[in-house]
Amino acid sequence: MDNFFQQWRTYRTIVTHGYMGHKGIADSILRQLQQRPQQGLDILDLGCGDAEVFFRLLPELTVNAYKGVDSSAAALDVLTERFNSRDVTFQLYCQDMMDFLSSYDGQFDIILAGFCMHHLSFDEKKRCLQMAYHCLREHGVMFIYDIFLQPGESRDQYLSRYLAYMHSNWEAMSTLELEAAGAHITGCDFPEEVEVFRQWSEAVGFEQIRSLWEGEWHSHKLLQLKRGES
Ligand SMILES: C[S@@+](CC[C@H](N)C(=O)[O-])C[C@H]1O[C@@H](n2cnc3c(N)ncnc32)[C@H](O)[C@@H]1O
């Protein structure tokens, strides 16, 4: 991957202005979690960045422990600051999430994977789902919020649609920031269709797969994958 996430400020501008829908995503996840029995939750956040969605959920959840994994040290510095004023047990891993998943032998109630799986190769995405499944407790839930191809869309079509959308809607960004974001998207975005995720999820054993939310820009979506019937 490029070094876009080593300069966290540009991504932060995108998140703060709601360009990737973090508020809508957190609200949808919360509605689902409020239907579960309340207990101390063990949460794993893959490609956590500065954990915007987790911090939006936090006031409403009982958290036992949070673990965040990200390969960007800059993101984890910002996240450490965010945790400083909070009374939450947390542990951060500056590591590739595939390495983390392949070596971790504990289990979680909730796994978040926010806007990170599209950086993995086709085969890695499936393997990531497989490993995440095994890191979930029975009745555990994985939430994937990310970018997805529209049915039948090629990557090139997706890229021109995203860049056009970004240039006409992300008004708070400077020309330099838009250039950096555009270069990152062009070099590092490898989305798949929701249907591909659905097939992989069934194959690795998830019992329930639901699409919970879609952004104003329709390629931003939230999927819920449940382990076990509930
Ligand atoms: C678009 S940001 C998303 C951050 C956060 N999850 C959110 O929803 O705002 C993508 C994050 O995934 C991280 N990332 C991408 N590929 C990764 C990998 N293979 N292992 C660990 N972190 C990765 C990047 O460093 C970056 O912080």
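User: Where is the place of Val196?

Analyst: In this predicted model, Val196 sits in helix α9, which covers residues 194-204.

User: Why is Val196 called partly exposed?

Analyst: The relative accessible area of Val196 is 21%. Buried means under 20% and exposed means over 50%, with partly exposed in between. The value of 21% falls in that middle range, so Val196 is called partly exposed.

User: What does helix α9 touch on the sheet?

Analyst: Seven strands form an open sheet in the order β3-β2-β1-β4-β5-β7-β6, with mixed pairing. Helix α6 (residues 122-134) packs on this sheet and touches β1, β4, β5 (136-147) and β7 (220-226). Helix α9 packs on the sheet too, touching β5, β6 and β7. The direction of α9 makes about 10° with that of β7, while the direction of α6 makes about 150° with that of β5.

User: What makes β1 and β4 a pair?

Analyst: Two strands pair if at least two bridges are found between them. Strand β1 (residues 41-46) and β4 have four bridges, in the parallel sense, so they count as a pair.

User: How do you know that the count of disulfides is zero?

Analyst: A disulfide needs two cysteine sulfur atoms within 2.5 Å, and by this rule the count is zero. Two cysteines show the reasoning. The closest cysteine sulfur to that of Cys48 is in Cys116, 8.9 Å away, so the two are too far apart for a bond. For Cys128 the closest is also in Cys116, at 6.9 Å, which is again too far.

User: Why are Cys48 and Cys128 called buried?

Analyst: Buried means under 20% relative accessible area. Cys48 has 7%, so it counts as buried. Cys128 has 0%, so Cys128 is buried as well.

User: Why does Gln107 count as partly exposed?

Analyst: Gln107 lies in the loop between α5 (97-103) and β4 (108-114). Its relative accessibility is 35%, which is between the limits of 20% and 50%, so Gln107 counts as partly exposed.

How values were computed
Residues are numbered from 1 along each chain as its sequence is written. This is a predicted model: local features need pLDDT of at least 70, side-chain atom pairs count only at pLDDT 80 or more; totals for chains, interfaces and linings use all residues. Side-chain values use heavy atoms; hydrogens and water are left out. Helices (H or I, at least four residues) and strands (E, at least two) are DSSP runs, numbered from the N terminus. Buried means under 20% relative accessible area, exposed over 50%, partly exposed in between (1.4 Å probe, protein chains only). Contact means heavy atoms within 4.5 Å. Axes are lines fitted to C-alpha atoms, for helices over the stretch in contact, and angles run from 0 to 180 degrees between N-to-C directions.
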